[in-house]
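Me: Please take a close look at one part of this model, the packing of a pair of helices, and then go on to whatever else can be said about local features.

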Amino acid sequence: MKLKKTTLAVIVASSIGIGWLTLGGTQVILDKTSSTEFCLSCHSMETPYKEYLGSVHFSNAKGIRAECSDCHIPQEPMEYLWTKIRATKDVYHEFVTGKIDTDEKYEQHRAAMAETVWEQMRGNDSATCRSCHDEDAMETYEQSEEAQKMHLYAAENDQTCIDCHKGVAHLPPEAKMDSTALDHLLDEAKTTPADAKVVYPVQTIAMGDLGSINPATPLKNLKDEGGKRQVELSGYQMQGAEQVLYMGEGQRAIIATLTKDGESALKAGEFKTDAYGNQWRPVSLVATIEAPVLDSQKPLWNYAEQLDNVFCSTCHAKIPANHFTVNAWPSIAKGMGDRTSISAENLEILTKFFQYNAKDVVGH
């Protein structure tokens, strides 16, 4: 039986109407559930929201605000749908399991939640970041010198935005270091043979009344008498800063700090003027130490790599030591270290690792 034209028209019109209502309704729901207000309807989102309020993405000189969806929901159709589907687990945990319904639970799961988001952003090349930030539109001359270097390094090494900008809106997971790792290193130092040719301090150590020696400094082992080692320290001294000894001529990696007695005990060469007008001379000093020392830098560098992984790579992609110079590393390491809970002792070890393996060190 043939349908009348009017009946067919009604069916077609009804189908179109239902389709529009279905699609339109779905889109309305998706839009509404992407709003910051909807995100905040979950109690567990109060913690990240407070962090966001203190970030540059909420308030800045240009008056541009990034809402939750701007950072967390990609606009590419399939990525958008997949993100919305995955978000249903958040609703489940909010109302069924209570997985992060207290501050303590939230902190317990912060690292796992952060890594989930970071992994998604690595996978889509930080698509949500790039929806606002376009590298081609950056006025690099307005960036700091270090920012320019890091953006160039990221481009050359196929890194994406989230590799370095993990703490821009929310606090990164708290960095934690095994407190026994340094103890194990010191225990290893206690087993160093008495006849080792060259030894290296694990920490800053005293050399009697002559001053102190910094971690990782190579020391020629002259003799060992009942745990007291006589060592020879070699380095460079700059005129005007005679109380400090450096790794090399023009290389401002501090290897020792001297007292007046230490300055008097130095065996020194002649001062020579460098290209910048500074005068340097080679010096050496024989001293006695009692602290445990290693017979290789390798265990110390392995420890420094752990520090790098915990305190540096938690927030940004790992930067190789040979990316910067000996003289550049101290300010970079201190600036980054001030943002973490790393101890002054560990920061000194980490800085020395970077400096001894910097790009202007022979052999690196």
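Reply: The crossing of α13 and α14 is right-handed. This is a predicted model. Helix α13 covers residues 329-337 and helix α14 covers residues 344-356; their axes lie 9 Å apart, at an angle of about 145°. On the α13 side, the residues in contact are Trp329, Pro330, Ala333, Lys334 and Gly337. Their partners in α14 are Leu347, Thr351, Phe354 and Gln355.

The loop between α7 (103-123) and α8 (127-130) holds Asp125, and Ser126 is found in that loop too. Most residues other than glycine have a negative phi. Asp125, not a glycine, has a positive phi of about 55°. For Ser126, phi is also positive, near 50°. The cut-off for buried is under 20%.

Helix α6 spans residues 88-97 and includes Val96. With Val91, Tyr92 and Phe95, Val96 forms a nonpolar patch on the surface. Together these four residues have about 420 Å² of accessible area. Val96 itself counts as exposed, because its relative accessibility is 56% and the cut-off for exposed is over 50%.

How values were computed:
Residues numbered from 1 in each chain as written. Predicted model: local features only at pLDDT ≥ 70, side-chain atom pairs only at ≥ 80, totals over all residues. Heavy atoms only, no water. Patch = residues over 30% accessible without salt bridge, like charges linked within 9 Å, V, L, I, M, F, W, Y side chains within 5 Å. Areas by Shrake-Rupley, 256 points an atom, 1.4 Å probe, with all protein chains shown as cover. Salt bridge = Lys/Arg side-chain N within 4 Å of Asp/Glu carboxyl O. Helix = DSSP H or I, 4+ residues; strand = E, 2+ residues; numbered from the N terminus. Buried < 20%, exposed > 50% of the residue type's maximum accessible area, 1.4 Å probe, protein only. Axes fitted to C-alpha atoms, helices over the stretch in contact; angles between N-to-C directions. Left-handed = near helix turned anticlockwise from the far one by under 90°. Contact = heavy atoms within 4.5 Å.
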